[in-house]
Amino acid sequence: MLYRRLYQFFMIYFLGLASLMAIKYGLQLSDYVIPGPPEIASTGLRVSGRYLLNVLNTLAVAILGHILAIVLATGIGIIGRLTAWIGSFIRVAAYNIQAYPIVAVAPIIFILLGDGLSSRLLIAAMICYFPLLLSFVGIFSEPVPEIEHFFESTRRMTWRLQIKIRAFENIHKLITVVVGSATLAMVGTIVAEFIAANAGIGYSIRIALYQSDLAKILVALFLIGICTSLYLVLLEWIGYRIRRRWAIPEGGLK
Amino acid sequence: MLYEIKLHSNIKYIKVSPAFESTRTGAQGPMLLECKNINYQYPGSDTQVFRDLNGRVADPGFHALFGPSGVGKTTLARMICGEIKHFSGQLITAGLERILYTYNLERLPGWSSVGEHLQLNTPTSSRHRMDELVASFGLQGCMDSRFAQLSLGQQNRTNLARYLLQDFDLLVMDESLANVDEGTKEKIILKIKQMFPDRAFLYISHNVVEVAKFCKQVFVLRNFHKFPQAIVLEGRNYTGGPGVDKKKLEHTMLEIVNAL
């Protein structure tokens, strides 16, 4: 899983870098516009330590925002299954709110909350919250009659049991949505940092942009890709462990 | 005749005037399941399922609901257990306070073993029956397995066993023994009859032989354009022991087939 993810990332990253070099040498662009491989390598050696700390800072905020979004989406998803109209109302509201690009709303958040951790966290959570919410409301509202019927007719059904049944039956979907939204959390945090924050790799990219230093940006992208891949692998591994523990008994299939 | 009068004296009838107002009347006393002028069509559908459906099945025992596919057996079963409420006419369920309905596509949750599920969902009053049921249903080897790991026949038997361990007066079994071989099916039905002589069962099946052989009363449901739409016949009610009289069994089977 880890090997495949990293391999895929390296493939994409170095293909992109090769395309950039092809443009540079094809159009005979100067090192000021697109730096050559030696300059990228030397910049990498010079800034990678500092940038790695920045990426880890961003990743920590993204993970916190992601967890916050999962908790909120689970709570609202559980409420949304109570009656058809509440579920429908939440879905319509979520569709409408997520239609606003978060980048457009971000300046308001920065004006109200400042450029500290809370703004980055809120934007990271908001950007991955709505896709999670729509999936969770859908999953928790969808009955599994062939399992639930017994508990309904013997009056043993509780809301916890209902959620457990629906979550168990859709565990693959839930894990896929959670893993997919992790990338959004990372994107949200970087966007927030890029707009107005005072820390994180997005902030470093903004500084590099002001300096027109493409080499630094390429090094930052490399480290972001590595860290995001590792986070996705971690989530996939947790999902795999949950599936193994919940769905398949110890000792495997009989 | 005297018995019928006694039954009726225990039932509270509720007057039904407008169309599509249903009445589900329950009362204490001897077991009786009776349909009176039931009319029903699915919401949003033009196709009528029942038109003045009448019929009654009385007393505890292993009864059958028989009829061709699409005639409304499952619909009637869902009305009996209260899942479908908006129909016109009267459905009398006297002496049947706890009605359960089970069908062959049901599944057990996959997060625990079959044994754990049965332990957790069997009322204390029925615990003593669990081992006997598991053994006679041939499920001893399935207790440590997850439901999804069982064969279709084992799944159906497991599902039926967990319902039999509940408190009920009437259990509607909608093709609950599908995918079970004939020998095991016979063993299971005879065991049910032996273990639960004071309960009522309504067995939905397409197999005319088993319906004629094992059931006490057979509620034959016909297409809605036939009148009457239901005919109740006597089955052979075989309970084990000496073999069933083949001539009588053939006669019952003919009666059931002719009723369709």
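**View 1. L171(B) and the residues around it.** In this predicted model, L171(B) touches L100(B), T102(B), L160(B), Y163(B), L164(B), A200(B), F201(B) and L202(B), leaving aside residues up to four places away in sequence. A contact here means heavy atoms within 4.5 Å. As the model is predicted, local features need pLDDT of at least 70 and side-chain atom pairs count only at pLDDT 80 or more, while totals for chains, interfaces and linings use all residues; side-chain values use heavy atoms, without hydrogens and water. Residues are numbered from 1 along each chain as its sequence is written, with chains lettered from A and ligands numbered from 1 in the order in which they are written.

**View 2. The largest nonpolar core.** Zoom out from L171(B) and you get a core of 55 residues. L171(B) is among those with the most contacts inside this core, along with F137(B), L160(B), L164(B), I192(B), F201(B) and I256(B). Helix α6 (residues 182–195) of chain B gives the most to this core, with five residues. Domain 1 (2–98 + 168–259) and domain 2 (108–167) of chain B each put in at least three residues; the domain bounds come from an automatic or database domain assignment. A nonpolar core is a set of buried Ala, Val, Leu, Ile, Met, Phe, Trp, Tyr and Cys residues joined through side-chain atoms within 4.5 Å. Buried means under 20% relative accessible area (1.4 Å probe, protein chains only). Helices (H or I, at least four residues) and strands (E, at least two) are DSSP runs, numbered from the N terminus.

**View 3. The largest cavity.** About 60 Å³ of space lies in here, and the model has two cavities of 30 Å³ or more. The lining is made up of M31(B), L32(B), L33(B), V57(B), A58(B), D59(B), H63(B), L96(B), L170(B), A200(B), F201(B) and L202(B). Strand β8 (200–205) of chain B gives the most, with three residues, while β2 (32–41) and β3 (48–58) each supply at least two. By class, you'll find 10 nonpolar residues, one polar and one charged. Ala, Val, Leu, Ile, Met, Phe, Trp, Tyr, Cys and Pro count as nonpolar, Asp, Glu, Lys and Arg as charged, and the others, Gly among them, as polar. A cavity is a set of points on a 1 Å grid over the protein atoms alone where a 1.4 Å probe fits but cannot get out, and lining residues have an atom within 4 Å of a point. Points are joined across faces, edges and corners, and the volume is the space filled by probe spheres set on them.

**View 4. The second largest cavity.** This one holds about 40 Å³. Around it sit L33(B), C35(B), V57(B), L76(B), I80(B), L202(B) and F219(B). The lining has seven nonpolar residues, with no polar or charged ones.

**View 5. Helix α2(B).** Six of the eight residues in α2(B) are buried, so the helix is mostly covered. The buried ones are K73(B), T75(B), L76(B), A77(B), M79(B) and I80(B). After α2(B) comes G82(B), with a positive phi near 90°.

**View 6. The two chains.** Chain A has 10 helices and zero strands, and 44% of its 254 residues count as buried. Its C-alpha atoms fill a box of roughly 75 × 50 × 30 Å along the principal axes. Chain B has eight helices and 10 strands, with buried residues making up 55% of its 260.

Key:
On a 1 Å grid over the protein atoms alone, a cavity is a set of points where a 1.4 Å probe fits but cannot get out, and a pocket is an open set with protein on both sides within 12 Å along at least five of seven lines; lining residues have an atom within 4 Å of a point. Buried means under 20% relative accessible area, exposed over 50%, partly exposed in between (1.4 Å probe, protein chains only).
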